[in-house]
Structure formats: structure tokens, C-alpha cells
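Dear colleague,

I am handing over the structure that we talked about, and you will find it just below.

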Amino acid sequence: MSIAHLLEDFTLQSGGGKLHLLDEDALDEQRLASFEQGYSAGWEDAVQAQEQSRGQVSAELAKSLEDMSFTYHEAVTRMGLSLEPMFNSLVNVVLPETLESGFAARLVEQLVDMARDQLGQPMQIFVPTGRAGEVEAMVPQELSAPTQVIEDPALEAGQARLQVGTSQREVDCSGLLASVAGAFDAYVFEAKEAANNE
């Protein structure tokens with residue numbers, strides 16, 4: 001005895017009509033169309049996922065760059081503030097001592113340079129009170145004209161005036177030191193302002 005009566009018959013459509021069977025070519029076309037439709041849907045999903053991923057990566061990169069920029073500026077500001085004691089000792093101790101020790105040599109260098117242009121002309125060096133002996137000791141003996149070193153009480157430490165013939169030059173190491181100190185002070189002030197605005 002057969003059990004066919006127990007199994008459902010799939011040859012009939014739900015509306016009661018006969019099921020239409022496809023031949024091999026029509027079945028291949030339907031398979032190809034289904035494959036292309038599935039492939040197209042998969043491609044669209046992949047493109048959409050990639051765009052979402054790219055947007056998320058761009059947002060994370062922007063956030064990281066913003067954090068890094070803030071950290072960099074904060075580090076530069078903190079470093080500037082930590083340099084203040086060094087700037088103070090540089091301006092108040094090291095530079096004045098350096099300028100003081102090289103003052104006479106700088107004057108003689110300037111005088112020799114001026115003498116090249118005006119050979120045989122009288123030369124005078126005006127220096128602050130108490131510096132004449134140091135400067136006279138450094139003046140080369142082989143200069144073409146006699147050189148006078150004259151103390152001028154109107155000149156402050158670090159200042160001098162050179163005269164060769166009609167040509168004059170002023171040397172102002174104290175002015176240079178003041179401008180360097182001003183630049184350091186301005187830098188420290190800006191660093192403090194930046195730190196206060198954080």
C-alpha cells in the first residue's frame with residue numbers, strides 16, 4: 001500500500017490550478033536574475049556600511065586631532081611658563097656678565113672697522129667712568145693714528161661712543177640687554193595669558 005495519500009501534493013497551486021513547471025533555460029534565467037538581485041543588494045549594503053564606517057572614522061580622527069592640538073598648545077604654554085626662571089637668570093645674570101666681559105673687545109673691534117675707512121684720522125673712544133684703563137689696554141698699538149680713550153660721566157654702563165675723523169658710532173649694550181629683557185617679558189606674559197585662558 002502506498003503512503004502518497006499522507007503526503008502533501010505540491011504540484012497544485014494554492015488557488016487550485018496546476019503548478020507551472022519551468023524548463024531548464026527559464027530556470028537558469030530565473031537563477032541568474034535572482035543572483036544579480038542578491039549581488040546588487042549585497043553591494044548596496046557594503047557601500048552603505050563603508051560610508052557609515054568612513055563617517056565614524058572621520059569623526060574620531062577629527063576628535064583626536066582636536067585633542068592633540070589642545071594638548072600641544074597646553075604643553076607649549078606650560079613649557080613657556082617653566083622657562084621663566086631661566087629667562088630671569090639669563091637676563092639678570094648671564095647676559096650682563098657676558099656683555100660686561102666683552103665690552104672693551106667690542107669697542108676695539110668697532111674702532112678698527114671705522115679706521116679702515118678713514119686712515120690717518122684721529123680716533124677717540126668715549127667710555128663710562130672707570131672703563132678707560134681696560135679699553136686702553138686692548139687698543140692695538142699698530143693703528144695708523146693715535147687713539148684717545150676718554151671717560152664720559154654722561155655714559156652709562158654698557159654705553160660708548162666712537163669717533164674716527166668725522167665719523168661717529170654709538171655702542172649701547174645696555175639698550176640691547178633691555179630689548180632682550182623686554183622680549184623675554186613679553187613672551188612670559190603671553191604664556192601666562194594663554195595659561196589663564198585655558
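Is aspartate 28 buried, partly exposed or exposed? Aspartate 28 is partly exposed, because its relative accessible area is 39%, where buried means under 20% relative accessible area, exposed means over 50%, and partly exposed lies in between (1.4 Å probe, protein chains only).

Before the rest, a word of care: this is a predicted model, in which local features need pLDDT of at least 70 and side-chain atom pairs count only at pLDDT 80 or more, while totals for chains, interfaces and linings use all residues. Residues are numbered from 1 along each chain as its sequence is written, and side-chain values use heavy atoms, with hydrogens and water left out.

To begin with the whole protein, there are 4 helices and 4 strands, which follow the pattern α-α-β-α-β-β-β-α when read along the sequence; helices (H or I, at least four residues) and strands (E, at least two) are DSSP runs, numbered from the N terminus. The protein has 198 residues, of which 20% count as buried. Among the contacts with a separation of 6 or more, 67% come from residues 24 or more positions apart, a contact being heavy atoms within 4.5 Å.

Next come the salt bridges, of which the structure holds 3; the term stands for a side-chain nitrogen of Lys or Arg within 4 Å of a carboxyl oxygen of Asp or Glu. In general, side chains of opposite charge can pair when their charged atoms come close. Aspartate 28 is bridged to arginine 31, with 3.6 Å between the closest N and O atoms, and these two are about one helical turn apart because they are 3 residues apart in helix H1. Arginine 31 counts as partly exposed, at 49% relative accessibility. In another bridge, glutamate 134 and arginine 131 bring their closest N and O atoms to 2.9 Å; here glutamate 134 is partly exposed at 33%, whereas arginine 131 is buried at 9%. Aspartate 152 and arginine 161 also meet in a salt bridge (3.5 Å, N to O), in which aspartate 152 is buried, with a relative accessible area of 16%, and arginine 161 is partly exposed, with 21%.

The surface also carries patches, which are made of residues with over 30% relative accessible area and no salt bridge, like charges being joined within 9 Å and nonpolar side chains (Val, Leu, Ile, Met, Phe, Trp, Tyr) within 5 Å. A nonpolar one is formed by Leu32, Phe35, Tyr39, Trp43 and Val47, which together have about 580 Å² of accessible area. Phenylalanine 35 is found in helix H1 and is exposed, with a relative accessible area of 56%.

Finally, please look at tyrosine 187, which lies in helix H4 (residues 173-196) and counts as partly exposed at 35% relative accessibility. Leaving aside residues up to four places away in sequence, tyrosine 187 touches Gly80 and Phe87. Tyrosine 187 and glutamate 84 are 103 residues apart along the chain, yet their C-alpha atoms are separated by 9.1 Å.

Definitions and conventions. Areas by Shrake-Rupley, 256 points an atom, 1.4 Å probe, with all protein chains shown as cover.
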